[in-house]
Amino acid sequence: MKWRLRKTVVLVGMMGAGKTAVGTQLARMLQVPFRDSDDEIVKAANMTIAEIFARDGEPFFREKESQIIGRLLADEPSILSTGGGAYMAEANREAIREGGVAVWLRADVDLLWHRVRHRNNRPLLRTANPYETLRTLYAEREPVYAQAELIVDSEHGLSIDATAQRVIEALSTRADVLERI
């Protein structure tokens with residue numbers, strides 16, 4: 001089946017939800033570009049996210065993140081993976097509503113922990129109790145993520161392909177976003 005993407009699909013959700021992996025596969029399936037806002041920030045700054053946080057702080061990072069998201073939304077329709085905190089900013093949510101469609105890849109805390117616990121590239125989890133930090137972040141962010149226009153569950157044992165297919169099914173309910181050709 002062939003599809004035409006009419007708006008950028010912005011994947012939002014917690015670190016470890018699968019935004020990059022699912023987004024990459026989704027872009028492949030829909031034959032559109034895949035973009036990652038964190039990767040774009042790293043390229044623009046010529047520094048890792050952790051280095052940006054350490055040198056310039058989270059507020060500076062969030063400002064750059066908003067600029068990058070705005071630029072990517074103005075480009076051709078694509079799949080855009082965002083950092084876990086990007087959707088928390090009202091300005092980003094508004095820009096996404098105007099220029100694309102937000103899809104929350106929802107995953108429970110235990111699945112997220114399973115996916116991120118051995119990675120050291122998560123600056124927000126560099127705490128004395130990273131699991132508790134993750135749990136707290138999830139509790140704070142969940143009501144905001146729930147504002148996304150579409151919600152797709154990322155579940156333990158569900159393949160990347162199957163999750164991407166779930167996203168396509170959700171998108172196909174929106175003719176203004178995805179149309180069959």
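This is a predicted model: local features need pLDDT of at least 70, side-chain atom pairs count only at pLDDT 80 or more; totals for chains, interfaces and linings use all residues.
Leu5 is buried, at 9% relative accessibility. Leaving aside neighbours within four places in sequence, Leu5 is in contact with Val32, Pro77, Ser78, Ile79, Val177 and Leu178. Leu30 lies 25 residues from Leu5 along the chain, yet 7.5 Å separates the C-alpha atoms of the two.

Next comes the sheet. Five strands make up an open sheet, in the order E3-E4-E2-E5-E6. Their pairing is parallel. Strand E3 (34–36) and strand E6 (150–153) are the edge strands, and each of them pairs on one side only. From one strand to the next, the twist averages 25°. Strands of a sheet pair through backbone hydrogen bonds, in parallel or antiparallel fashion.

Now look at strand E2, residues 8–12. Five of its five residues are buried, so E2 is largely enclosed by the rest of the structure. In a regular strand, side chains alternate between the two faces of the sheet. In E2, Thr8, Val10 and Val12 point one way. Val9 and Leu11 point the other way. Bridges tie E2 to a strand on either hand. Five bridges join E2 to E5, and the two run parallel.

Move on to strand E5, residues 100–106. Four bridges connect E5 with E6, and these strands also run parallel. Arg106 stands opposite Asp153 in E6.

H3 touches strand E2, E3, strand E4 (79–81) and E5. The direction of H3 makes about 150° with that of E2. Helix H4, residues 90–99, also packs on the sheet, touching E2 and E5. Its direction makes about 120° with that of E5.

Val9 shows how parts of the chain come together. Not counting residues up to four places away in sequence, Val9 touches Leu26, Ser78, Ile79, Leu80, Val101, Val103, Leu171 and Val177. Two of these, Ser78 and Ile79, are also contacts of Leu5.

Turn to the aromatic rings. The structure holds three aromatic pairs. One of them is Trp104 with Tyr145. This pair is tilted, with 5.7 Å from centre to centre and 40° between the planes. Trp104 lies in strand E5 and Tyr145 in helix H6 (residues 130–145), so the pair ties together parts that are 41 residues apart in sequence. Are these two residues buried or exposed? Trp104 counts as buried because its relative accessibility is 2%. Tyr145 is buried too, with a relative accessible area of 0%.

Trp113 and Tyr131 form another aromatic pair. This one is edge-to-face, at 5.5 Å centre to centre and 85° between the planes. Trp113 lies in helix H5 (residues 109–116) and Tyr131 in helix H6, so parts 18 residues apart in sequence are tied together. Tyr131 is partly exposed, with a relative accessible area of 27%.

The charged end of Arg106 sits over the ring of Trp104, 5.4 Å from its centre. Recall that Arg106 also stands opposite Asp153 in E6.

Finally, check the backbone in two loops. Most residues other than glycine have a negative phi. Gln31 is not a glycine, yet its phi is positive, at about 55°. Gln31 is found in the loop between helix H1 (19–30) and E3. It is exposed, with a relative accessible area of 63%. Asn46 likewise has a positive phi, near 55°. Asn46 sits in the loop between helix H2 (37–45) and H3. With a relative accessible area of 69%, Asn46 is exposed.

Note on methods
Residues are numbered from 1 along each chain as its sequence is written. Side-chain values use heavy atoms; hydrogens and water are left out. Contact means heavy atoms within 4.5 Å. Two strands pair if DSSP finds at least two bridges between them. Axes are lines fitted to C-alpha atoms, for helices over the stretch in contact, and angles run from 0 to 180 degrees between N-to-C directions. Rings of Phe, Tyr and Trp (its six-membered ring) pair if their centres lie within 6.5 Å; planes under 30 degrees apart count as stacked, over 60 as edge-to-face and the rest as tilted. Buried means under 20% relative accessible area, exposed over 50%, partly exposed in between (1.4 Å probe, protein chains only). A charge sits over a ring if NZ of Lys or CZ of Arg is within 6 Å of the ring centre and within 35 degrees of the ring normal.
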